[in-house]
Amino acid sequence: MIANIVKPGHKTRGVLNYLYGPGRANEHTDPHLVAAWDDFAPDPGRNPAATLAQLADVLDLRVKQAGPKAPKNHVWHCSIRAAPEDRHLTDDEWAAIAHRVLNATGIAPAGDPDACRWIAVRHADDHIHIVATKVRGDLRPPRNWNDFLRTDKELVAIEKEYGLRQVPRGDRTAAKRPTRAEQEKARRTGNARTSREHLRTIVRTAVSAATTTEEFFRIVEGTGALIDVQHFPSGDVRGYKVALDDDTNAQGEPVWFSGSTLAPDLSYPKIAKRLTATEATPTEQPGAMAWRRFTLAVDRIPDHLAHDEDGAGQAHITVLAEVLDALPLLAPTGLRPQLIQASTVFERAGRSRIRAHHQQAQATRQAVKAILREPAPKDGVLLTIVLDALLLAVIAAQHWHRTRDHTQQAEAAQQTAEHLRVAYRAAAAEPLTVIHHRGRRLALPLQERQAAVVRQALPDLAEQILAEPAWPTLAATLNEATAVGHDPAALLAQAARHRELDTAANLTEVLTWRLRRLPDLAVGKPPQDRTAGRVQPGPATPTPRATRSDSLPRSR
C-alpha cells in the first residue's frame, strides 16, 4: 500500500467536488463514504437527500467555530492505494484501514471525543481518500507532525496483517518526483520527460564528466541549459540552480531548480565533495590503456563491496552510478537506449543513508574521468568486457543493498541489471561469433588439449562446459592465452574463484569474458602463436564508433 498526503488546502468543498465527481478521465465509479467521524455524516453518494454542501458544512463546523485561530490551510487529504496485484478490499476493510491511519497520524486518535472531523471516500476498487479538517473539538489543531512516516509505518503492519503485497519502503534518500503540474506541462508541450527529470540527467552526466566544480558548471552550460551560480559575500560559491531555456512560467521567466531539488546528492556541497575527492585530472594515457584501467577499476568494485567498510562501499556504488551516467556518451548508438535506461534506474540505487567516504573510491572515479577524454573503443571485445564487468558490479551492489535492508535500492539495482543484460547481449553477439568461428577452426588436437585443461581446472563443471554450444568460444580463448604464455588451467581456476558460477546462464560466456580481461587478450585480433598449434587469424570485428558530438544530453 502507498499513501499520498497532499499539501494542505483551504477549500473543503473543492476536494469533495473532486472525490464525488467523475474524475479527470471519468475514472470515478460509485463514490461513497466507507467511514466517517460520525455514523450520521451525510453521504451524497448513497443518500439522494444529502448534498456536497451539507457534507462540507459539517466538516468545516469547528473551523468556523475557531475563527481566526483556525489554520489557514485546514484541509488534510490523504489517499491510500493498494498494489495492482492485491485483492479488492471490502468497504469494511477500507474503513478499518482509515481508522488505523488516522489514529497513527494523530488526526483522530482512537477513543478521543475531541478528534478532528473526517471522512473516507471510495470511488474505485483499489484506493480510498481520507479528508479531515484540522481543528479539534477543543478548537486546537491536531498533533500530526511527521504524518507521512507514521502513515507509512502503519501501512507496513496493515500489509502483513491483510496479506497484501509488501511494498518496498524508502529511506528518504530518493529524488523528488515530478509534481502533477510538471507532468501535465510536459504532456502539453509534447515532451516525454518533465523539466525536472531532464535537468537531473544533465546535471548527473556533467558530474560524471567533470574533474572540478568550475568544469562542472561549464559542462552544464555547454548543454544549452541555463545555470545560475550563487555566491556568498566572500565570493565563495554558495550553490547553483538550473533551468531549461524553453521552460518558463506564466510571467515568461525560467523555471529554476536548485541542485538539491533535483536529487539529494546533486546539491553543490555534495558535488563539490565528490569532485574534491578526485584531486586532479587523470594522468594522460593512451586510449586503450585508459579503457583497460577503467575496466580493471570496475572489475574490483565487487571486491570492495564484499570486503570494505560501509562508507567505502557506498563511495564505490556512487562511482558506479557515475560510470552508468557516463557510458551512454561513448557507447554505439544501438546500445544507448538500454544504457540510458540502466543509468536512469540505477540513480535510485546510488544513494543510501550511509555516508560515502569518497576518497576511498578516488582511483575508480579518476578512471571514469579518463575514458571520457578518450575516443570510444573500436573493439567490440573491449566494450563487451566493460559491460560484463559493469553487470557483475551492479549485481554486487544489489547484494550489498539487500544485506543492509535498502529495499528500494536493491530493487533498482536488480532492474538495472536487466537493462545491462540486454545491452551486453547486443554488444557481445558479433565478438562472440568471431571468437566462436576461431574455435571451430582449431585443429582437433588443440581442442582436445583445451578440453583437458577444463577438466583439470574445473572438474565439477567440465562436462557442462564442454556440452554447451559456445564451448568453441572458450576453447579459442584458452588457446590464445596459451599462445601468449599464460597457464590456461590457472587462469580458469582464478576466473571461477572470482565469481560463483552456479547462477550463470552460460558458463562458457562468463569464463570467456573473464579471461579476456587480460590485456593481451582484450583486443579483437588473436595473438600470433609461434608454436606448432598456431592460431589462424580470424576476421576483424567492426564495431560502430560513438560520435563525440553527442557527448552530453542537450536541453530541449
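Two strands pair if DSSP finds at least two bridges between them; helices (H or I, at least four residues) and strands (E, at least two) are DSSP runs, numbered from the N terminus. This is a predicted model, in which local features need pLDDT of at least 70 and side-chain atom pairs count only at pLDDT 80 or more, while totals for chains, interfaces and linings use all residues. Residues are numbered from 1 along each chain as its sequence is written, and side-chain values use heavy atoms, leaving out hydrogens and water.

Select residues 117-122 and 127-133, which are β4 and β5; these strands pair in the antiparallel sense over five bridges. Within them, Arg117 stands opposite Thr133 of β5.

Next, display the whole sheet, which is open and has five strands in the order β1-β3-β5-β4-β2 with antiparallel pairing. Because β1 (2-5) and β2 (32-36) stand at the edges with a single partner strand each, one side of each is left without a neighbour in the sheet.

Now turn to the aromatic rings. Rings of Phe, Tyr and Trp (its six-membered ring) pair if their centres lie within 6.5 Å; planes under 30 degrees apart count as stacked, over 60 as edge-to-face and the rest as tilted. There are five aromatic pairs in the structure. Select Phe217 and Tyr268, a stacked pair with 6.0 Å centre to centre and 15 degrees between the planes. Phe217 belongs to α8 (residues 213-222) and Tyr268 to α10 (residues 268-278), so this pair ties together parts that are 51 residues apart in sequence.
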